[in-house]
Amino acid sequence: MTSTPIQKSPLSYPEYHTPSEKLPRAKLPWWINPVALFSVAGTGLFSYLTMQGNMDEYVSASGEIRPADYTIIFSTAPGILHELLVRDGEEVQAGQTIARVWFLPEQQAIDPGGLRPFEVKSHESGRVVSTARLFQGERVLLGAPLVKLVRGKEREIRIYATEDRIDRIKPGQKVRFRVRSNPDRLAPPAYAIITSVARDRDLMPEDKATPTRPTYYVKARVVQAEFELPLGARIDAEILLTKRQFWELIFLQIFRRTPSQSTTR
């Protein structure tokens, strides 16, 4: 049986019917091997540095901005508010009268002078940051707060930390936080240093059917802030406990046994 000769198409190139064993061998470009070697070495180096890198272990908490040095002027007797003499933002000197309050009629037995106003004076100098929202003629109780004064421009934060790792929160640790009122979410965080940690949770009535989540007060002094810190503003804070290497978080947790696993019968 004779084979039919292959007809060559006028459109095919001359080497179209050349056997594969006679074709020239393909060669890789010269830059393939260096690039592959560099990629493997770079991946290994990046993995090593990632494993050795430090990661922050922190506790999230909420809080608020507070003045570092402030005082509150209270009413020294019950009565009827006659006049509040100071406004927010004013400077007050020690001994200055900040309010006048009328004695109540039932106090005439104590005060022979009869119904008359008495003056509430400031015992400190400072700037008024808030006043009581009271109206003329409104009754004022003994010890009612009338004016809040701030001395200096230093700020502190009060953090309400939950039970999560509260035993590891210590004075001297760093806190990074952001003020919720700041619209720039890309702004760098502010920093504070913890000055005191409450060692007992806040008071809570024992007869509550559904007790609230226990919290602990943590105070920290602001040391760095590149934006305005309005008094009373709410914050989202992260208390930095320690730094751990990334490989610890991966491998130590795998081999760390829980008490139930380590107990044998």
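**Labels and the values behind them**

Visitor: What kind of model is this, and what is its secondary structure?
Guide: The model is predicted. The protein chain has three helices and 14 strands. Of its 265 residues, 28% are buried. Among contacts with a separation of 6 or more, 74% join residues 24 or more positions apart.

Visitor: Which strands make up the barrel, and in what order?
Guide: Six strands close into it, in the order S1-S10-S13-S12-S11-S14, with antiparallel pairing. Ignoring direction, neighbouring strands of this sheet are turned by 40° against each other on average.

Visitor: How do you know that S10 and S13 are paired?
Guide: Pairing needs at least two bridges between the strands. S10 and S13 are joined by six bridges and run antiparallel, so they count as paired. Within this pairing, Tyr 160 stands opposite Tyr 217 in S13.

Visitor: What joins S12 to its partners S13 and S11?
Guide: S12 and S13 run antiparallel and are joined by six bridges; Val 197 has Val 218 in S13 as its bridge partner. S11 and S12 pair over four bridges, again in the antiparallel sense. There, Phe 177 has Ala 190 in S12 as its bridge partner.

Visitor: Why is the pair of Tyr 160 and Tyr 217 given the name it has?
Guide: The ring centres are 5.4 Å apart, and the limit for a pair is 6.5 Å. The planes stand at 70°, and an angle over 60 degrees counts as edge-to-face. The pair of Tyr 160 and Tyr 217 is therefore edge-to-face. The structure holds one aromatic pair.

Visitor: What does this pair tie together?
Guide: Tyr 160 belongs to strand S10 (residues 155-161) and Tyr 217 to strand S13 (residues 216-224), so the pair links parts that are 57 residues apart in sequence.

Visitor: Why is Tyr 217 called partly exposed?
Guide: The relative accessible area of Tyr 217 is 40%. Buried means under 20% and exposed means over 50%, so Tyr 217 falls in between and is partly exposed.

Visitor: What makes Lys 148 count as sitting over the ring of Tyr 70?
Guide: The charged end of Lys 148 is 4.7 Å from the centre of that ring, and the distance limit is 6 Å. Arg 176 lies over the face of Tyr 58, at 5.5 Å from the ring centre.

Visitor: Is Leu 149 buried or exposed, and how do you know?
Guide: Leu 149 has 0% relative accessibility. The limit for buried is under 20%, so Leu 149 counts as buried. Leu 149 is in strand S9 (residues 145-150).

Visitor: Which residues of the largest nonpolar core touch the most other members?
Guide: They are Ile 157, Ile 159, Ile 169, Val 175, Phe 177 and Ile 194, out of 27 residues in that core. S1, S10, strand S11 (174-179), strand S12 (190-197), S13 and strand S14 (234-245) each supply at least two of the core's residues. Apart from this core lies another, of 18 residues, among them Ala 77, Val 86, Val 120 and Ala 144.

Visitor: Why are S6 and S8 said to stand at the edges of their sheet?
Guide: Four strands form an open antiparallel sheet in the order S6-S5-S3-S8. Strand S6 (117-121) and strand S8 (139-140) each have a single partner strand, so one side of each has no neighbour in the sheet. S8 is joined to strand S3 (residues 79-84) by two bridges, and Ile 80 has Arg 139 in S8 as its bridge partner.

Technical notes: Residues are numbered from 1 along each chain as its sequence is written. This is a predicted model: local features need pLDDT of at least 70, side-chain atom pairs count only at pLDDT 80 or more; totals for chains, interfaces and linings use all residues. Side-chain values use heavy atoms; hydrogens and water are left out. Rings of Phe, Tyr and Trp (its six-membered ring) pair if their centres lie within 6.5 Å; planes under 30 degrees apart count as stacked, over 60 as edge-to-face and the rest as tilted. Buried means under 20% relative accessible area, exposed over 50%, partly exposed in between (1.4 Å probe, protein chains only). A charge sits over a ring if NZ of Lys or CZ of Arg is within 6 Å of the ring centre and within 35 degrees of the ring normal. A nonpolar core is a set of buried Ala, Val, Leu, Ile, Met, Phe, Trp, Tyr and Cys residues joined through side-chain atoms within 4.5 Å. Axes are lines fitted to C-alpha atoms, for helices over the stretch in contact, and angles run from 0 to 180 degrees between N-to-C directions. Contact means heavy atoms within 4.5 Å.
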